Amino acid sequence: MTATKPINLWTSNQHARDYLERADSISHRNEGEAALLEFIPRTVRRVLDLGTGDGRLLALVREELVRRERPDTEAVAVDFSPAMLEAVRKRFAGDSAVTVIAHNLDEPLPALGEFDAIISSFAIHHLIHERKRALYAEIYSLLKPGGVFCNLEHVASPSPRLHQEFLQRIGFTVETEDPSNKLLDVETQLGWLREIGFVDVDCAWKWRELALLVGVRR
Ligand SMILES: C[S@@+](CC[C@H](N)C(=O)[O-])C[C@H]1O[C@@H](n2cnc3c(N)ncnc32)[C@H](O)[C@@H]1O
């Protein structure tokens with residue numbers, strides 16, 4: 001018997017473009033992004049953004065670092081969608097401090113060096129649960145001691161009713177929601193981070209199914 005391949009529509013250019021058109025209008029995301037910026041260490045030198053899309057979150061982090069007078073920080077942006085890779089390359093064209101890497105996060109991360117901060121927004125929930133956990137362990141091993149993992153994520157609701165309410169508030173229904181989503185509850189993910197060895201693990205911000213999960217490498 002052959003296993004069914006999990007659905008992931010993000011290699012479709014149309015799927016990526018549809019998202020980019022509505023990305024700014026997603027309720028409360030700005031609050032989650034602002035909360036994430038607070039966790040970027042003062043002394044950051046290297047940042048990795050997983051599932052970067054058009055580089056939206058990485059651009060916010062880089063703006064924050066300019067405000068902190070640390071514009072010399074290097075960044076690596078990873079995605080596998082051709083449309084997103086084109087968009088992020090365009091956004092950071094001419095910025096030699098940003099390296100864009102095409103990589104499918106279903107596969108183990110390539111050798112990317114060590115990072116002070118690993119960030120991600122609304123991407124890891126497209127991986128199957130087993131791979132999410134494995135990726136969290138890989139992230140831990142890529143962080144320098146004291147480095148931080150900040151995952152602004154789409155998580156599961158505690159009940160179908162709350163899931164429907166969330167979808168309604170962002171303009172979707174159970175029928176139209178992205179079939180690529182593989183939502184997982186906050187508690188399980190925080191537990192995994194602790195088991196892997198992260199400390200100061202917390203859900204640092206949450207609005208319905210949008211949550212900021214944070215952990216620090218010991
Ligand atoms: C909802 S978008 C978020 C993009 C961006 N981080 C943001 O906040 O706007 C999800 C992103 O995850 C990427 N993604 C989904 N599955 C992936 C995979 N298996 N490997 C690499 N990237 C993936 C998609 O291509 C897309 O750019």
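Tutor: This is a predicted model. Let us start with helix α7 and its packing: the buried residues of α7 pack against α5, β5 (143-154), β6 and β7 (210-216).

Student: Which residues of helix α7 are buried, and what arc do they cover around the axis?

Tutor: Helix α7 spans residues 186-196, and its buried residues are Val 186, Gln 189, Leu 190, Trp 192, Leu 193 and Ile 196. They lie on the same side of α7, because the arc they cover around the axis is only 155 degrees.

Student: What is found at the start of α7, and which residue follows the helix?

Tutor: At the start, Asp 185 brings a side-chain oxygen to within 3.3 Å of the backbone nitrogen of Glu 187. After α7 comes a residue with a positive phi, near 125 degrees, and that residue is Gly 197.

Student: Which residues of α1 are buried, and which helices do they pack against?

Tutor: In helix α1 (residues 13-22), the buried residues are His 15, Ala 16 and Tyr 19. Seen down the axis, they fall within an arc of 95 degrees, so they line one face of the helix. The helices against which they pack are α2 (29-37) and α4 (82-91).

Student: Which residue caps the N-terminal end of α1, and at what distance?

Tutor: The cap involves a side-chain oxygen and the backbone nitrogen of Gln 14. The oxygen belongs to Ser 12, and the distance is 3.3 Å.

Student: Is His 15 buried or exposed, and which residues does His 15 touch?

Tutor: His 15 is found in helix α1. Burial requires under 20% relative accessible area, and His 15 counts as buried because its relative accessibility is 18%. Leaving aside residues up to four places away in sequence, His 15 touches Leu 9, Trp 10, Asp 178 and Ser 180.

Student: How far apart are His 15 and Ala 83 in space?

Tutor: In sequence, 68 residues separate His 15 from Ala 83. From C-alpha to C-alpha, their separation in space is 9.1 Å.

Student: What is the volume of the largest pocket, and which residues are closest to its centre?

Tutor: The largest pocket holds about 760 Å³ of space. It is lined by 41 residues, and the closest to its centre are Trp 10, Tyr 19, Phe 122, His 125 and His 126.

Student: Which element supplies the largest share of that lining, and how does the lining of the largest pocket divide by class?

Tutor: At least two residues of the lining come from each of α1, α3 (56-67) and α6 (160-169). The largest share, five residues, is that of α1. By class, the lining of the largest pocket comprises 17 nonpolar, 14 polar and 10 charged residues.

Student: What of the second largest pocket: which residues are closest to its centre?

Tutor: The second largest pocket contains about 220 Å³ of space. Among its 13 lining residues, the closest to the centre are Lys 5, Pro 6, Asn 8, Asn 104 and Asp 106.

Student: Which residues other than glycine have a positive phi, and is each buried or exposed?

Tutor: Most residues other than glycine have a negative phi. Phe 122, in the loop between β4 (115-121) and α5, has a positive phi of about 55 degrees, and Asp 200, in strand β6 (residues 199-207), has a phi near 50 degrees. With a relative accessible area of 12%, Phe 122 is buried, whereas Asp 200, at 61%, is exposed.

Student: Finally, which backbone nitrogen lies 2.9 Å from a polar side-chain atom of Glu 138?

Tutor: Glu 138 lies in helix α5 (residues 129-142) and counts as buried, because its relative accessibility is 18%. Not counting residues up to four places away in sequence, Glu 138 touches Pro 108, Leu 109 and Arg 131. The backbone nitrogen at 2.9 Å is that of Leu 109.

Methods. Residues are numbered from 1 along each chain as its sequence is written. This is a predicted model: local features need pLDDT of at least 70, side-chain atom pairs count only at pLDDT 80 or more; totals for chains, interfaces and linings use all residues. Side-chain values use heavy atoms; hydrogens and water are left out. Buried means under 20% relative accessible area, exposed over 50%, partly exposed in between (1.4 Å probe, protein chains only). Helices (H or I, at least four residues) and strands (E, at least two) are DSSP runs, numbered from the N terminus. The arc is that of the directions from the helix axis to the C-beta atoms. Contact means heavy atoms within 4.5 Å. A polar contact is a pair of N or O atoms within 3.5 Å; within protein, one must be able to donate a hydrogen and the other to accept it, and residues adjacent in sequence count only if both atoms are side-chain atoms. On a 1 Å grid over the protein atoms alone, a cavity is a set of points where a 1.4 Å probe fits but cannot get out, and a pocket is an open set with protein on both sides within 12 Å along at least five of seven lines; lining residues have an atom within 4 Å of a point. Grid points are joined across faces, edges and corners, and a volume is the space filled by probe spheres set on the points. Ala, Val, Leu, Ile, Met, Phe, Trp, Tyr, Cys and Pro count as nonpolar, Asp, Glu, Lys and Arg as charged, and the others, Gly among them, as polar.
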